[in-house]
Amino acid sequence: MVIRVFIASSSGSVAIKKRQQDVVRFLEANRIDFEEVDITMSEEKRQWMYKNIPEERQPAQGNPLPPQIFNDDQYCGDYDYFFEAKESNTVFSFLGLKPSLASKESEP
């Protein structure tokens, strides 16, 4: 299983850049293996991301914005879902991973 974070390296939006950094820093700090996928460098990867986000999670208008998070080909969510999971200490289950020993999710 590989956590893949779809990002846009050349985004002009400060908010998008901060959200991408927040996800990446959290994964690094918790030693969660992940791969960054830059959708600005590959139309094929961008289209794959768009097609693999469930219809009910698509925005009402426009395309989904990065960061978008997948576990292999399984969609986990966007930044808002990630943030909710982080706030409730359920990021490991959000990502489809077993909780680490230091996580509150591992407590009985």
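A residue counts as buried when its relative accessible area is under 20%. Keep that cut-off in mind for the first stop in this predicted model.

**Strand β1.** Select Arg-4, which lies in strand β1 (residues 3–7). Its relative accessibility is 16%, so Arg-4 counts as buried. Now show what surrounds it: apart from neighbours within four places in sequence, Arg-4 is in contact with Glu-35, Val-37, Trp-48, Gln-68, Ile-69, Phe-70, Asp-72 and Asp-73.

**The Phe-6 and Trp-48 rings.** Stay on β1 and select Phe-6 together with Trp-48. The two form a stacked aromatic pair, with 5.6 Å centre to centre and 10° between the planes. Because Phe-6 belongs to strand β1 and Trp-48 to helix α2 (residues 43–51), the pair ties together parts that are 42 residues apart in sequence. Phe-6 counts as buried at 1% relative accessibility, while Trp-48, at 26%, counts as partly exposed. A search of the whole structure finds eight aromatic pairs.

**Helices α1 and α3.** Next, select residues 14–29 (α1) and residues 79–87 (α3); their axes come within 11 Å and cross at roughly 45°. The two helices are therefore oblique to each other, and their crossing is left-handed. To see the contact, display Arg-19, Asp-22, Val-23 and Phe-26 from α1, which meet Tyr-79, Asp-80, Phe-82 and Lys-86 from α3. The residues of this contact divide into four nonpolar, no polar and four charged.

Technical notes. Residues numbered from 1 in each chain as written. Predicted model: local features only at pLDDT ≥ 70, side-chain atom pairs only at ≥ 80, totals over all residues. Heavy atoms only, no water. Helix = DSSP H or I, 4+ residues; strand = E, 2+ residues; numbered from the N terminus. Buried < 20%, exposed > 50% of the residue type's maximum accessible area, 1.4 Å probe, protein only. Contact = heavy atoms within 4.5 Å. Axes fitted to C-alpha atoms, helices over the stretch in contact; angles between N-to-C directions. Parallel < 35°, antiparallel > 145°, perpendicular 65-115°, else oblique. Left-handed = near helix turned anticlockwise from the far one by under 90°. Nonpolar A, V, L, I, M, F, W, Y, C, P; charged D, E, K, R; others polar. Phe/Tyr/Trp six-rings, centres within 6.5 Å; stacked < 30°, edge-to-face > 60°.
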